[in-house]
Amino acid sequence: MKIQTCEVCQKDITTRKKFMFTHIKCEHCQTPYELDAKSWKWYMLFPFVSVMFAMFVSIRILPTEDIFLKMLIILGSARLLYRILCYLGFYFHFLNYQVRKKSQEDL
Ligand SMILES: [Zn+2]
């Protein structure tokens with residue numbers, strides 16, 4: 001799916017994985033991008049929200065007392081939810097990347 005348009009070469013930056021990365025590269029011109037400040041908030045929040053939601057659902061709804069099975073379902077649904085959140089983030093442009101500044105590379 002398309003994440004955004006490359007500022008340098010004006011081509012689409014796409015990803016096949018529905019995960020959020022802190023750093024990406026334009027596959028056409030190799031320009032490095034990083035998450036902008038606003039997106040960092042989501043980056044921290046998405047995994048947290050996913051796990052909390054999955055735990056809540058499994059505690060409330062799952063009929064099993066099997067802890068191992070519960071853990072599997074929590075992890076599985078948290079991962080799924082995380083992917084959905086990332087997908088929505090890219091789709092609705094909550095998640096934006098900015099061109100990585102040269103000065104930060106030197107640090
Ligand atoms: Zn590019």
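Let me begin with a question: does glutamine 10 count as buried or exposed? Please bear in mind that this is a predicted model. Glutamine 10 has 9 C-beta neighbours inside 10 Å. The cut-off for an exposed residue is 12 or fewer, and glutamine 10 therefore counts as exposed. Its place in the chain is the loop between β1, residues 2-5, and β2, residues 12-14. The backbone here deserves a remark: glutamine 10 is not a glycine, yet its phi is positive, at about 65°.

I turn now to histidine 93, which lies in the loop between α2 and β5, the latter spanning 97-99. Histidine 93 is likewise a residue other than glycine with a positive phi, in this case near 60°. With 10 other C-beta atoms within 10 Å, histidine 93 is exposed.

In soluble globular proteins, nonpolar side chains tend to be buried together. In this model, the largest nonpolar core has 16 residues, and the members that touch the most others are Phe46, Tyr82 and Cys86. Which elements give two or more residues to this core? They are β4 (32-35), α1 (37-61) and α2 (67-91). Of the contributors, α2 gives the most, with 6 residues.

Finally, consider phenylalanine 46 in detail. Leaving aside residues up to four places away in sequence, phenylalanine 46 touches Met20, Tyr82, Leu85 and Cys86.

Thank you for your attention.

Key: Residues are numbered from 1 along each chain as its sequence is written. This is a predicted model: local features need pLDDT of at least 70, side-chain atom pairs count only at pLDDT 80 or more; totals for chains, interfaces and linings use all residues. A nonpolar core is a set of buried Ala, Val, Leu, Ile, Met, Phe, Trp, Tyr and Cys residues joined through C-beta atoms within 7 Å. A residue is buried if 20 or more other C-beta atoms lie within 10 Å of its own, exposed if 12 or fewer, and partly exposed in between; C-beta atoms are placed from the backbone. Helices (H or I, at least four residues) and strands (E, at least two) are DSSP runs, numbered from the N terminus. Two residues are in contact if their C-beta atoms, placed from the backbone, lie within 7 Å.
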